Amino acid sequence: MATPDVAAGSAAAPAVASPPSTESPAPASPPAAAAPGTVTRPTDAPSRISGARPVALVVGATGRLGSAVVEELHAAGGWDIICHSRQPRKADAPAGTDGSAGGGGGGAGGGVGAAAVASATGQMVAVEDLYADLVTTPAEDLLAAAAGLSPNRRLDAVLWAAAGGRRSPPAAVEGTALPAMAAALAKSGVATLFDWADPLRAAADAARWAPLDDVIMGGLSSSTLRAVGTSADGAGNDASDYGPCALFAGTLRTANRGGFAQARARLEPAINLSGYDGLVLTVRGDGRDYKVNLKNDDTPEITFQAQFSTSDTSTSSSTGPAGHDRWHRVTLPWDDFLPVRRGRLLHGDGGATYGRTLDTAALSSVAVLCSKLSAGGLPSPSFRPGAFSLAIRSIKAYRAAPPVMVVASAAAVTRPGWTAEQVAANPGAATIPIVRLNPGGVLGAKAAGEEGVRGSGVSYAIIRATALVDGESPPSRSILMEQGDTAVGRLSRADMARVMVMAAREPAAAWKTWEVRERVSVEGSAQQLVEEMKTMRLDE
């Protein structure tokens, strides 16, 4: 069977270089800094990472937040840690100061290049150092070097704590290097079936689809699925408000007992997605419900069907083209695909609920459709005859896992672009110093980095800290997590690190963006944080 376009390994396993040599002794002192565009390791000694524990790469590991993240990973136990920095920490500079840029920060690494230290749980934790300039070094090279330190060539989490500063501006670090790393991670984290946002494959991917409307049973509905871009398409239709994507569109008619339009792509030979947990689509709709059909063979009329809803973008209040900001990520686990025949559920005999089970190791076709029937066979409440359209950027298979990438961002990144109504509704949040001053355009750079991560396809959690402070937090406090970018307050770097490390192991944190602040005089707990992560809404 054919396999999809995806690298082998875990959901966060980029292509890797060969492991470092185990024959040369460690040098007496680390290099002064990595040369531009290169990744270096301060020792030729064998990596101490065994592959028995999950591996976390901390980007910016010796800044003040990065050091706190390393310390939290170390204290939590169960992680081997790779500490990225631009250059080694100076021997006389404490971890986390401007003079630092090296290994582990504090007791978890100390810039020594390779160490095995006991965590707070008593486990021996491996800590390794890598030096690379984020701006000049390709993200693929840094990830390959990091994964190459583990025998199984995998990274289980990348915790981004880097920020622009005097040497490298925020636009280069958060605005460019961050999205590049997310894109590099995404290449190996999903299986791409169709990607119409990629101009190199959009036309070929669209050519694999053909209409399969209700005309096969005497109906009069019609549809097409075609690649569209940023200008008038081949049919003369202006598709500039969609951007590069596929447009599944047509007309639904109920005459002659019809009422569905469908586009289908055969997968020849059948593909094996048994190592994945479902499909993820990036779509923009018209308020109707749509369905995805999968088949295992050419048995007539029997498919496996899952349904999803869309927003009516024609009512969007965005300042650009109608609904341009209303793209949605739709996640369809394999368990959502139920067997149907002629739109009705196919029930099993005896104790079996359903008559068939989807074989994800042998998928022979995929289809999208809009129908007067819901996935359960009842009339669809969102159905309406007439013109319909569903824009699709991509269809991919995903693995259910905690976020592969955990990004430290900042509250207020959206506020420079707030409307007058938003400012009036949140005057305290709109006028804090970081919004008024926005030094170096840092908020815009962080916002661009966030958008790059969200659009990359990698599983992520974006955590926006309020004002970060050093020192001890009040003993009686809780960490509040909110969404909407209206949070104002403070947060210790230790507490921010705690949230980041928890998110790296919590599946409920994936595909979400939220703000974090401190609330004093109210006791909090780790379980409270997990429960809040579960209740937060997914990003659109």
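The model is a predicted one, so local features need pLDDT of at least 70 and side-chain atom pairs count only at pLDDT 80 or more, while totals for chains, interfaces and linings use all residues. Residues are numbered from 1 along each chain as its sequence is written, and side-chain values use heavy atoms, with hydrogens and water left out.

Searching the whole structure turns up eight aromatic pairs. Here, rings of Phe, Tyr and Trp (its six-membered ring) pair if their centres lie within 6.5 Å; planes under 30 degrees apart count as stacked, over 60 as edge-to-face and the rest as tilted. Phe194 and Trp196 make a stacked pair, because their ring centres are 5.5 Å apart and their planes at 5°. Both Phe194 and Trp196 are buried (under 20% relative accessible area, with exposed being over 50% and partly exposed in between, using a 1.4 Å probe and protein chains only).

Phe248 and Phe388 meet in another way: with centres 5.1 Å apart and planes at 65°, the pair is edge-to-face. Phe248 belongs to strand S10 (residues 245–252) and Phe388 to strand S19 (residues 386–398), so this pair ties together parts that are 140 residues apart in sequence. Strands are DSSP runs (E, at least two residues), numbered from the N terminus.

Technical notes. Helices (H or I, at least four residues) and strands (E, at least two) are DSSP runs, numbered from the N terminus.
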